[in-house]
Amino acid sequence: MKICVVGLGFIGLPLALLLSENNFVYGCDIDENKVNMIKEKKSPFKEPGLINLLQKSSLIVDKTPCKSEVFI
């Protein structure tokens, strides 16, 4: 399933990372700095376990949403 998570903050990013374990997930956020950090596999904020999920994830991020079956 193709999922797009809009907003990669304290709720959106962990959700996108967990969903990306079994789905194709695309994340988008208007904050270019945050998008670049996530692309570099760096956490934009402190959250226990987040960096581990981020480093092993297949999450694709950008500033604009993509065609998806589900938007969150």
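**A short tour of the fold**

C4 is found in strand β1. Before we follow this residue further, keep in mind that the model is predicted. The chain has three helices and four strands, and from the N terminus on these elements run β-α-β-α-α-β-β.

- C4 is buried, because its relative accessible area is 0% and the cut-off for buried is under 20%.
- Which residues does C4 contact, leaving aside its neighbours within four places in sequence? They are Y26, C28, P65, C66, S68, V70, F71 and I72.
- One of these contacts, I72, sits 68 residues away from C4 along the chain, yet the C-alpha atoms of C4 and I72 are separated by 6.3 Å.
- For another pair, E32 and V70, the separation along the chain is 38 residues and the C-alpha atoms are 23 Å apart.

**Overall size and packing**

- The C-alpha trace spans about 30 × 25 × 20 Å along its principal axes.
- A compact globule of 72 residues would have a radius of gyration near 11 Å, and the chain agrees with this, since its own value is 11 Å.
- Of the 72 residues in the chain, 38% are buried.
- Look at the contacts with a separation of 6 or more: 60% of them join residues 24 or more positions apart.

**The nonpolar core**

- How many residues are in the largest nonpolar core? There are 15, and those with the most contacts inside the core are L8, L13, L17, I38 and L59.
- Two or more residues of this core come from each of these elements: β1 (2-6), α1 (12-19), α2 (32-39) and α3 (50-56).

**An aromatic pair**

- Searching the whole structure turns up one aromatic pair.
- The ring centres of F10 and F45 are 4.3 Å apart and the ring planes meet at 45°, so this pair is tilted.
- Where do the two partners sit in the chain? F10 is in the loop between β1 and α1, while F45 is in the loop between α2 and α3, so the pair links distant parts of the chain, 35 residues apart.

**Helix α2, from start to finish**

- D31 caps the N-terminal end of α2, with a side-chain oxygen 3.0 Å from the backbone nitrogen of N33.
- E32 has its place in helix α2 and is partly exposed, with a relative accessible area of 46%.
- Which residues of α2 are buried? They are K34, V35 and I38.
- Seen down the helix axis, the buried residues of α2 fall within an arc of 100°, so they line one face of the helix.
- Here is a handy rule to remember: an α-helix has 3.6 residues a turn, so residues three or four places apart point the same way.
- The buried residues of α2 pack against α1, α3 and β3 (60-62).

- K41 follows α2 and lies in the loop between α2 and α3.
- The phi of K41 is near 65°, a positive value in a residue other than glycine.
- K41 counts as partly exposed, at 29% relative accessibility.
- S57 is in the loop between α3 and β3, and this serine is buried, with a relative accessible area of 11%.
- What does S57 contact, leaving aside its neighbours within four places in sequence? S57 is in contact with L17, S20 and K41.

Notes: Residues are numbered from 1 along each chain as its sequence is written. This is a predicted model: local features need pLDDT of at least 70, side-chain atom pairs count only at pLDDT 80 or more; totals for chains, interfaces and linings use all residues. Side-chain values use heavy atoms; hydrogens and water are left out. A nonpolar core is a set of buried Ala, Val, Leu, Ile, Met, Phe, Trp, Tyr and Cys residues joined through side-chain atoms within 4.5 Å. Buried means under 20% relative accessible area, exposed over 50%, partly exposed in between (1.4 Å probe, protein chains only). Rings of Phe, Tyr and Trp (its six-membered ring) pair if their centres lie within 6.5 Å; planes under 30 degrees apart count as stacked, over 60 as edge-to-face and the rest as tilted. The arc is that of the directions from the helix axis to the C-beta atoms. Contact means heavy atoms within 4.5 Å. A polar contact is a pair of N or O atoms within 3.5 Å; within protein, one must be able to donate a hydrogen and the other to accept it, and residues adjacent in sequence count only if both atoms are side-chain atoms. The radius of gyration is taken over C-alpha atoms; the globule rule is 2.2 Å times the number of residues to the power 0.38.
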